[in-house]
Amino acid sequence: MAKKLKGPQIILSNRLDDGRVQFLTKDTSWSFQAHDAWLLVSEDEREAAMAAAQAFVQSNQIVDAEFAEAELTEAGPRPTHPKYIIQNAGPTVRRDLGYQSEGKAA
Amino acid sequence: MLGLRFAATWVINLKERLPDMYAYDHYDHAIVNARVDEFRDQVKRRIAGEISEEEFRPMRLQNGLYLQLHAYMLRVAIPYGTLSSTQMRKLAHIARVYDKGYGHFTTRQNIQYNWPKLVETPDLLDELASVEMHAIQTSGNCIRNVTTDQFAGATPEEVDDPRPYAELIRQWSTFHPEFAHLPRKFKIAVTGASKDRAAIRWHDIGLILKTDKEGQLGFEIVVGGGMGRTPVIGKTIRDFLPKADLLSYLESILRVYNAWGDRKNKYRARIKITLDDIGEAEFTRLVEEEWERARQTPLDAPAVEEARIRAMFTSPPLEVLNDTVAEDFATDNADFKSWLNNAVADHKVPGHGIVTISLKPHGGIPGDASAEQMEIVADLAERYSSSEIRVSHEQNLILPHVARHDLPTIWEALKAADLATANVGLLTDIIACPGLDYCALANARSIPIAQELGKHFDDLARLNDIGELKIKISGCINSCGHHHAGHIGILGVDRKGEELYQIMLGGSGAEDASRAELLGRGFPADEIVGAVQTVIDLYLDHRADREETFLQAVRRLGTSPFKEALYGTG
């Protein structure tokens with residue numbers, strides 16, 4: 001879970017009741033949009049953010065939480081690895097599905 | 001359960017059923033309904049926080065429920081790939097009500113839904129149970145859904161119908177307490193045909209129906225096939241097993257595997273590794289030794305039970321026909337003629353055909369079908385194919401019992417639904433796993449590569465000139481897209497966040513099973529279609545004649561000229 005990654009990171013999870021992907025925000029709530037995510041740039045932030053996320057695991061609101069490498073864009077943080085880009089947006093082969101269809105993907 | 005079933009066959013009250021499919025008895029209904037109730041309670045407790053994810057995960061997996069990238073994914077079992085029209089309509093209904101209007105038919109002859117909500121899953125399973133379906137044992141380290149030849153019971157090529165045996169195995173393996181926690185998942189396939197359409201030698205156990213010198217029916221037993229990170233073609237450990245001994249022999253193989261399989265390292269836990277570690281001769285000796293004990297106990301199905309099951313697989317009453325309606329229609333319609341030649345196989349009853357419905361429209365997603373398409377197939381099956389549908393491991397649908405004079409009407413309906421692409425067995429009839437677009441295990445996307453290949457090679461005349469060619473694409477080493485068995489296999493890999501695609505050649509999932517050989521470094525996504533084109537061009541330039549297939553040419557030429565063409569090295 002706490003795999004060491006290089007550079008800034010964000011935390012994402014799947015919501016328990018429907019599996020929907022969401023991103024941890026700086027006020028330790030969740031957003032469906034990566035560009036609302038808390039961009040973690042220090043080890044202290046990483047630890048604090050993951051501790052906050054784990055509280056949601058313990059309270060059975062999310063399934064698990066994990067770090068993803070990210071970069072800061074004008075719109076806000078954006079995951080950089082294909083897996084997390086796709087998780088943020090939805091399947092690249094069905095643009096009518098996933099959160100991209102709601103016009104919310106970062 | 002099986003013992004109870006055998007003891008009480010006389011009380012079974014068969015409901016009205018199709019002539020060519022297994023119908024649940026009250027035991028089947030009871031155990032499936034009980035499982036739905038049990039899972040409903042488990043979900044309720046999970047949502048309420050009474051059980052943790054760690055505790056819940058094995059419960060949901062035992063009911064086919066995964067958590068993937070975007071949502072939960074439910075894998076529904078389609079026993080040996082056989083569906084009724086009623087069941088297909090229910091799958092369409094589920095796609096519409098519980099998912100996003102479509103389903104994905106898989107290389108295990110199952111269907112997957114990509115967007116169900118956890119809280120709604122018990123209701124979904126309840127709907128499945130109402131049409132004698134479930135998602136039990138579609139995940140986990142247990143005996144998975146048994147697969148078979150999609151032409152079973154219809155093809156003239158088989159010595160016996162494999163479906164009654166597949167059903168027997170289904171009943172034996174469902175909730176088998178001794179094999180509920182195997183070292184790893186376990187897959188069994190059965191065929192009765194000389195032409196292998198079920199990738200028999202790539203399964204943990206492959207069963208090939210055959211007759212001995214006295215004309216007795218039995219099985220060749222193939223063990224230890226599998227793909228994944230260690231691709232192995234199964235080995236025949238017994239040339240002939242009398243059919244009456246099937247379950248005791250399967251039980252013996254599973255017991256040896258259960259006792260000797262590696263439970264510490266999951267990458268070494270499949271039976272192919274166990275067999276390799278022990279050695280084929282010693283493994284076989286252990287199985288035979290165990291079988292000497294097992295066959296003394298009442299493990300095998302009594303003749304009355306086998307007869308009960310077999311009676312449900314009587315072929316529909318088809319009359320021999322000798323009209324030329326389809327041929328006459330084809331003389332004036334080139335598109336229909338192309339489809340007729342490509343998608344309709346011979347049926348055992350003259351005047352009938354087996355129709356393969358391609359789920360591979362050029363540029364489409366292999367194996368996906370919309371709810372509307374499912375309903376159209378269900379309607380066509382009801383009107384023209386004894387209400388029966390099959391799913392192939394190559395991710396297509398089949399109408400197994402069609403009168404040839406109905407083919408023009410069927411083709412028109414399929415064409416209107418974008419289901420009549422005449423590419424069955426050709427380059428664009430591509431197997432592809434869901435890949436990184438959906439799957440949490442994947443390293444790279446598979447579907448977009450299949451789509452780009454489909455768009456690039458969309459000329460049917462060109463495809464027919466190239467001839468039989470099976471491309472199989474996986475998005476990771478787990479090989480759900482069967483790339484090891486592809487005439488051209490494509491494996492997606494992740495190199496520091498970039499999706500690359502390796503090409504391998506010479507694999508086969510047919511009766512001449514072989515493992516594809518990796519050619520070299522991977523290509524970026526925008527170069528892979530060109531690389532495949534290079535491979536095809538070399539084949540066309542070097543084939544001995546038009547009769548030499550791609551696979552035959554690769555086997556004759558070796559992979560060196562293809563490496564040379566792609567990388568400039570031999």
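**Exercise 1. Find how many salt bridges link chain A and chain B, then describe the side of chain A that touches chain B.**

Step 1. Take a salt bridge as a side-chain nitrogen of Lys or Arg within 4 Å of a carboxyl oxygen of Asp or Glu. Between chain A and chain B the count is 0. Keep in mind that this is a predicted model, where local features need pLDDT of at least 70, side-chain atom pairs count only at pLDDT 80 or more, and totals for chains, interfaces and linings use all residues. Residues are numbered from 1 along each chain as its sequence is written, chains are lettered from A in the order in which they are written, and side-chain values use heavy atoms, with hydrogens and water left out.

Step 2. Now sort the side of chain A that touches chain B by class: 10 nonpolar, 8 polar and 6 charged residues (Ala, Val, Leu, Ile, Met, Phe, Trp, Tyr, Cys and Pro are nonpolar; Asp, Glu, Lys and Arg charged; the others, Gly among them, polar).

**Exercise 2. Work out how much area chain A and chain B bury, and which residues of chain A lose the most.**

Step 1. Buried area is the accessible area (1.4 Å probe) that two parts lose on being put together, summed over both. Here it is about 2,100 Å², with 62% from carbon and sulfur atoms.

Step 2. On the chain A side, A:Leu16, A:Asn60 and A:Val93 lose the most area to chain B, together 24% of what that side buries.

**Exercise 3. Say how many residues of each chain are in contact.**

Solution. With contact meaning heavy atoms within 4.5 Å, 24 residues of chain A meet 30 residues of chain B.
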